[in-house]
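Let's walk through a structure together, one question at a time. Have the sequence and the 3D view open as we go.

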Amino acid sequence: MEKYLKALEFDKIKEKLETLCQTPLGRELACAIKPLTVFEQVMIRQKETTEAKRALEEGSIALQAAKDIRPSLYRANKGGQLNASELWEIGQFCYKAERVRSSFNDTEKQQRYLLLFNLACRIENLSDLQKELLRCLGPSGEVLSEATDSLKKVRKEIQVLHDQVKEKLDHYLKSPAYRKYLQDYVVVERGGRFVLPVKQEYQRQLPGLVHDRSSSGATLFIEPYPLVQLNNKINLAQQEEQREIDRILQILTSKVAEKAEEIVSSLEAYGQLDFILARASLSKIQNASPPRLVTKRYLNIIEGQHPLLGEKAVPVNIHLGKSFSTLVITGPNTGGKTVTLKMVGLMAAMVQAGLHVPAREESEFCIFDNILADIGDEQNIEQSLSTFSGHMTNMIDILQKATSNSLVLLDELGAGTDPSEGSGLAMAILEELHHRGALVIATSHYNELKIFAHQTTGMENASVEFDDYTLKPTFKVLIGIPGSSKAMLIAERLGLSKDIIKRGKELQRRDVLDVESAVSQLVSEQRKYSLSLEKVNCLRKDLDRARQIVQKEQKELEEKKSLIIRKAKEEAASVLRQAKREAREALRTIRMMEKEQQAKKAVTAIEQVRTRLDELEESLRISLKEDIVYSPLSKEDLIPGQKVYVKSLEKDGHIISVAEDGEEIQVQVGLMKVTTNSEDLARVKEDNADENEQKVRGSGVGSVLLEKSKFASPEIDLRGKTVDESIEVLNKYLDDAVLAGLSSARIIHGKGTGSLRKGVQLYLKNHPLVSSFRLGERGEGGSGVTVIYLSNNNYMAGGRYR
């Protein structure tokens, strides 16, 4: 299949994928990607890409670039010693892999990204090794002094010796007695030892070891005798330092070798995640969608755009496999026939490789065992093949491989030879592939093929639309209408003599002229129909949009009305409860004074007040209950097992039995069996079975909190909004968050220019509900997130206002 995929330019898709990968293993997987032929495998790959795209859009996963550490791991496993730079890179990979692994610790994220989570589970816990490597090594490939106490000690000793040498050298440089002997007032190094540049004639005045001389011989580089012993000590200390470094590297290499198998396994999982995320990134770049996979032999591309043409690609609708399995596309050159062929083949290959395609989500693809294509000029001078011979060589191979589950794409079928023979051969090839049951799309200029497709059951004509006035193609595919080459029209518009055009038409066969005329008329009618259909669709969309707006506004009005009534009654209930509390407090105080006669009278009076308050509260409870709208039960619903709400008991239950006359109905409510009638029963919504009971019993402020706590999210996303829009949304969110009892929350504003972050934080600074805030840390979204801590002092605790 590789040869045919190259003809479809699948290798360019692979190149795009490779550039999006961040690891060598990911790039290797991208380079090796190819269409799969097993339905279940394709389905899994598509789900992986969809999950990864969602994760990227939601910022749930961040995979960092990593170098290829496999050669180092191989060497360590074979007993070789790694240098500090190699060990540092391994430590860096362990750190990055651990970040990815730990990012899936959240249970909700594990369920939301199940396939990615399963892959991340293959990353081993390498945190101990990572910490040890990064503790001992620096990013520049050096062993840090903190690696061992011995290394720290010897380096400190070297520093002390260096300071002593520097002190003595400064004495020589600054002393008037020695300055005249020096060629220059600097300290230089020769053979790892510190020396002075001394004028040749003063060698005896500054005794020491001569390590080098200048090219002219005028300068001698002398190590004064007082420095010899110090420099010797430095050399010995440096040798000891190197031995300690070698020992540390050997120990670290051994630790890497012990974990080599786990690191390789983690590296493979990390590379596969990188490959999947690259597929997701390509989907985002191409504005692509996951296709619908079907088991039937069917292909339906809706508003498909060629994956390599970008924004300039014209959306194309094309389908194959239902009413016809062979499609013959005809039309003028440069009209888009070949581009359409390549688009269909390339999209089919991408889908089977687990990639999304730039088409509507409703597009459907079956899985092909082979995607076979004969596209382009197959002329080969070296092999002495003409264009026709090249095409025939391809056709022989295609006919050997094509099955009922194959997709066959043929460009200019039968071209390159005598038209009468070419058309006959083309019809025979199409007929053979059609009988095998393959899905076939072929392009041609032959009128005989148009007639053949029209007369053969299961075949259909199509054309690429061409504007007769502008002489430019629209690149749209019109299924059901054969195309015309427009040769005479194009030649006339380009300035060819009218006499020659006229004579050409006279010499053209009459049956061909009749076909061309009929085709032109059909295309014209099709264009008019398409324009009318577009207008109708636009009007329908406008009407749907208007209806949705009206319905939304009506719903909002109803919700506001209900909310106002509910709020008023809840406020009344709150006042009643407050009054009752005050009455109970007064009663408690007066009871302490029972010995006095007046207190006893007061107790009686307050008891009467409390009774009246209880009556008012009960009246209010009944009023709230009346707000509940019950869904009535039909006769068909009155069957054993049906869940119901018993209004008189304010409880849920299920029907046990129904009398023949339907008057008496026995219902099981908890441990109790009751007999009632249909008017006392109502339908129970599955998603909110206890809603009615909660409304009646939780009519106070506590019920508001309960509702808020159900829907309050611990984070809010403000990306894409202006500062003013964000503040409006944020103000409501803070109220809901405090009512829900949240102690902290995350505000996602993104990084961008930073203006939204500044505006949000300026607003938060003076907000009474916000006690403090900070930028997100590494695992929380960094500077793209602000974490706030909420103050609940002004709000109720346990369902009551303070």
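A word on classes before we start: Ala, Val, Leu, Ile, Met, Phe, Trp, Tyr, Cys and Pro count as nonpolar, Asp, Glu, Lys and Arg as charged, and the others, Gly among them, as polar. This is a predicted model, where local features need pLDDT of at least 70, side-chain atom pairs count only at pLDDT 80 or more, and totals for chains, interfaces and linings use all residues. Residues are numbered from 1 along each chain as its sequence is written, and side-chain values use heavy atoms, with hydrogens and water left out.

Q: How many charged residues are in the lining of the second largest pocket?
A: A pocket is an open set of points on a 1 Å grid over the protein atoms alone, where a 1.4 Å probe fits, with protein on both sides within 12 Å along at least five of seven lines; lining residues have an atom within 4 Å of a point. Of its 39 lining residues, E58, G59, S60, K109 and R746 are the closest to the centre. By class, the lining has 13 nonpolar and twelve polar residues, and the charged ones number 14.

Q: Which element gives the most residues to the lining of the second largest pocket?
A: Elements here are DSSP runs numbered from the N terminus: helices are H or I with at least four residues, strands E with at least two. Those giving two or more residues to this lining include α4 (39-58), α6 (84-102), β21 (744-748) and α13 (260-285). With four residues, the top contributor is α13.

Q: Which strands are the edge strands of the open four-stranded sheet?
A: Two strands pair if DSSP finds at least two bridges between them. The order is β1-β2-β4-β3, with antiparallel pairing. An edge strand pairs on one side only, and here that holds for β1 (188-190) and β3 (208-213).

Q: What angle does the direction of helix α12 make with that of β4?
A: Angles run from 0 to 180 degrees between N-to-C directions, with axes fitted to C-alpha atoms, for helices over the stretch in contact. Contact means heavy atoms within 4.5 Å. Helix α10 (residues 149-174) packs on the sheet, touching β2 and β4, at about 10° to β2. Helix α12 (residues 225-258) touches β2, β3 and β4, and its direction makes with that of β4 an angle of about 70°.

Q: How far apart are the axes of α12 and α13?
A: V256, A257 and E258 in α12 meet A260, E262 and I263 in α13. This contact has four nonpolar, no polar and two charged residues. The two helices pack at an angle of about 65°, and their axes are apart by 4 Å.

Q: Is P358 buried or exposed?
A: P358 lies in the loop between α14 (337-352) and β9 (364-365). Leaving aside neighbours within four places in sequence, its contacts include Q286, N287, E303 and M347. Buried means under 20% relative accessible area, exposed over 50%, partly exposed in between (1.4 Å probe, protein chains only). Because its relative accessible area is 6%, P358 is buried.

Q: Which residue takes a positive phi in the hairpin of β16 and β17?
A: Strands β16 and β17 (residues 665-669) run antiparallel and are joined by four bridges, with I655 opposite V667. Six residues lie between the strands, and the one with a positive phi, near 75°, is G662.
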